[in-house]
Amino acid sequence: MNSLPENATIVEVEGTGKYYIRVDRGGVSFFFDPGDKDITQLIADTTGLEDPMALSQLAKDNTETIDELSFEQQFLDDDFLVFVGDYDSANENWTDILNNVKNITERETWWGNKEFRDEYIRVYELATDDDGVFNKTTFFENLKTNDTIGASLGTNRAFFNRTVDERLDPEQYGMDLDTYVGSVQAIAIEAGVPLEDIKENTELNNSLKLVANNLNNGVYGDPNTKAAVAKASQQVVALVNPAFRKANGGIYTLDNDILKASKGMSTVSITTKHDEVEELLNQFLPQSMWGDIDVSKEASKLQMEPNYKYELQEKLKDKRFAEFNMYDRDISWSTILNNKKGSIKAAWGIDVKWNNPVLNDIISMNDTAKEGEYLRGKGMELGIDKVKNDFALASASAYGDGVIKSQNFLEN
């Protein structure tokens, strides 16, 4: 690029050595702060030019000079001037900057609202001290909590606040997005989508990334809230399993942007959740109590909301605890069951099934000393070989080796 775009200008603040990039778009002028770059370096970085003569001429032709007082005053007098934060000199050229502004004006519709711009200017003034020093961090933080701006946005507050977060710390914003991409993919896997499908199905992968992007942007609300995560989860479920879409008689509406992104997506193979529900039952609830659980219904809930499994776990814990409150609520039933089956195995030398009445008795007993005595007595009653043999050995030990010599007996 040998010249600056028509709607891009470099503004020099006279006497300060400070320069700004101004981009005019849609009736609003957006100002970027390039940091400590001098004008030659700034133009070289943004245009790709290297020739010193060409750079000098371009700087002369495309730089507006304004005194410091007038520069500050224009932000106070003109509500169409907007400071949007730092320009990343390592990554952005003029095309990137212009695309950035294009995205801003398309996404951030509040710039067309005069009430918003008036308040924006007032917040800018409050972030400028008596010496004219502007505090960018204070400015952006105040924007996030300003009630007047909240009422005039014409969009959800969370979305606005996330645009501010992005300008305050773009690196952290990008890291947040990476985290949400991983979280959304995990939701898809929980919903029954094989990892291979996520990797190999381009439309599916792109659609999941869009859900993650919406979550990060605040489209679904504050991304730190359960409600926003639930909305993202619903979008994933409706995406990968069309049976859950309202259009097909389901309960979720797949948003238009996700629907468009998924156009041409091949059918996703989803594993059933029945096995997962049964695993939870085995882990947390006695099999004798399974009759009260509608496995198909619970599996359906789990498909609609993958994180429902945590709610189901708590429900099963409560149900078990109501019947067997002699054990801590958070001890899994499988642990209790296996421990007591182990006790019977040690005493009787055999494995018993879950519905063995003796197993149920010692589970209810929950007393190691008493259960040992009970198992010995019950074993004798039932004729368990190991118990009878152990008893015989114990008796023999009590009377020595059990051999009476006849000659001594006769001599007596």
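Start with helix α8, which gives the lining of the largest cavity its largest share, 4 residues. This is a predicted model, where local features need pLDDT of at least 70, side-chain atom pairs count only at pLDDT 80 or more, and totals for chains, interfaces and linings use all residues. Residues are numbered from 1 along each chain as its sequence is written, and side-chain values use heavy atoms, with hydrogens and water left out.

**Stop 1: the cavity.** Select α5 (114-126), α6 (136-145) and α8 (157-168); each supplies at least two residues of the lining. Helices here are DSSP runs of H or I, at least four residues long, and strands are runs of E, at least two, numbered from the N terminus. Now show the lining side chains: Glu 108, Trp 110, Trp 111, Phe 116, Tyr 120, Phe 140, Leu 143, Phe 160, Thr 163, Val 164 and Arg 167. They divide into 8 nonpolar, 1 polar and 2 charged. (Nonpolar covers Ala, Val, Leu, Ile, Met, Phe, Trp, Tyr, Cys and Pro; charged covers Asp, Glu, Lys and Arg; the others, Gly among them, are polar.)

How much volume does the largest cavity have? About 40 Å³. A search of the whole structure finds 1 cavity of 30 Å³ or more. On a 1 Å grid over the protein atoms alone, a cavity is a set of points where a 1.4 Å probe fits but cannot get out, and lining residues have an atom within 4 Å of a point. Points are joined across faces, edges and corners, and volume is the space filled by probe spheres set on them.

**Stop 2: Ser 233.** Select helix α12 (residues 226-240), where Ser 233 lies. Is Ser 233 buried or exposed? Ser 233 is buried, because its relative accessible area is 1% (buried is under 20%, exposed over 50%, partly exposed in between, with a 1.4 Å probe and protein chains only). Contact means heavy atoms within 4.5 Å.

**Stop 3: Glu 68.** Move to helix α3 (residues 68-77), the place of Glu 68. Glu 68 is partly exposed, at a relative accessible area of 43%. With neighbours within four places in sequence left aside, Glu 68 is in contact with Val 13, Glu 14 and Thr 16. Then select Gly 132, 64 residues away along the chain; its C-alpha is 9.4 Å from that of Glu 68.

**Last stop: the whole protein.** Zoom out to 21 helices and 5 strands. Of the 412 residues, 40% count as buried.

Conventions:
1 Å grid on protein atoms, 1.4 Å probe; cavity = no way out; pocket = protein on both sides within 12 Å on 5 of 7 lines; lining within 4 Å.
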